[in-house]
Amino acid sequence: SQNRMSPAFSLHCLLLFVILKVSAGYVPKWAPTYQMNRSTIVMPCNESGYFNDQVIKELGRYGIVDIDWSNAKQVWASTSPMNDQELLLASAQKIKKVN
């Protein structure tokens with residue numbers, strides 16, 4: 001009896017090879033670092049309200065802060081017209097000021 005790889009296994013191996021080959025082009029060209037403001041991204045969200053000063057100070061340590069669209073949703077969803085964009089911008093400006 002001859003040992004053969006199943007077609008499904010062969011296909012998985014081929015796909016893995018292609019994914020690794022393609023993704024190798026997306027490796028950053030700079031040296032790795034563990035310095036948070038140069039290497040780390042965070043996506044915070046507080047649906048019930050705004051970030052307090054302590055949270056804003058902590059978020060200022062990250063390199064990229066991607067505020068979730070539903071941040072402070074309980075606040076802006078009850079206004080008419082809804083002003084979510086203005087509130088997200090104000091939160092981003094507070095975090096940027098700390099950083």
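Let's start with one side chain: at 6% relative accessibility, Trp-76 counts as buried. Now take Trp-69. At 51% relative accessibility, Trp-69 counts as exposed. The cut-off for exposed is over 50%. These two residues form an aromatic pair. The pair is tilted, with 55° between the planes and 6.2 Å centre to centre. The count of aromatic pairs comes to one. Keep in mind that this is a predicted model.

Let's step back to the whole chain. The secondary structure comes to five helices and two strands. Along the sequence, the pattern reads α-α-β-α-β-α-α.

What about the overall dimensions? The C-alpha trace spans about 70 × 35 × 20 Å along its principal axes. The radius of gyration is 22 Å, whereas a compact globule of 99 residues would have one near 13 Å. Buried residues make up 19% of the 99 residues.

Next, the core. Which residues make up the largest nonpolar core? There are eight: Val-42, Phe-51, Ile-56, Leu-59, Tyr-62, Ile-67, Leu-88 and Ile-95. Two elements give two or more residues to this core: helix H3, 53-59, and helix H5, 84-98.

Take Phe-51 from that core. Which residues does Phe-51 contact, leaving aside its neighbours within four places in sequence? Among them are four other core members, Ile-56, Leu-59, Ile-67 and Ile-95. Phe-51 is also in contact with Pro-44, Cys-45, Asn-46 and Asn-71.

Now to H5 itself. This helix has 15 residues. From first C-alpha to last, H5 reaches 22 Å, close to the 21 Å expected at 1.5 Å a residue. Which residues of H5 are buried? They are Asp-84, Leu-87, Leu-88, Ser-91 and Ile-95. Look down the axis of H5: the buried residues fall within an arc of 100°, so they line one face of the helix. Here is the general background. An α-helix has 3.6 residues a turn, so residues three or four places apart point the same way.

And what does the buried side of H5 pack against? Its buried residues pack against H3, strand E2 at 64-65, and helix H4 at 73-76. Turn to the face of H5 that points away from the buried side. That face carries the exposed residues Gln-85, Glu-86, Lys-96 and Lys-97.

Note on methods. Residues are numbered from 1 along each chain as its sequence is written. This is a predicted model: local features need pLDDT of at least 70, side-chain atom pairs count only at pLDDT 80 or more; totals for chains, interfaces and linings use all residues. Side-chain values use heavy atoms; hydrogens and water are left out. Rings of Phe, Tyr and Trp (its six-membered ring) pair if their centres lie within 6.5 Å; planes under 30 degrees apart count as stacked, over 60 as edge-to-face and the rest as tilted. Buried means under 20% relative accessible area, exposed over 50%, partly exposed in between (1.4 Å probe, protein chains only). A nonpolar core is a set of buried Ala, Val, Leu, Ile, Met, Phe, Trp, Tyr and Cys residues joined through side-chain atoms within 4.5 Å. Helices (H or I, at least four residues) and strands (E, at least two) are DSSP runs, numbered from the N terminus. Contact means heavy atoms within 4.5 Å. The expected span of a helix is 1.5 Å times one less than its number of residues. The arc is that of the directions from the helix axis to the C-beta atoms. The radius of gyration is taken over C-alpha atoms; the globule rule is 2.2 Å times the number of residues to the power 0.38.
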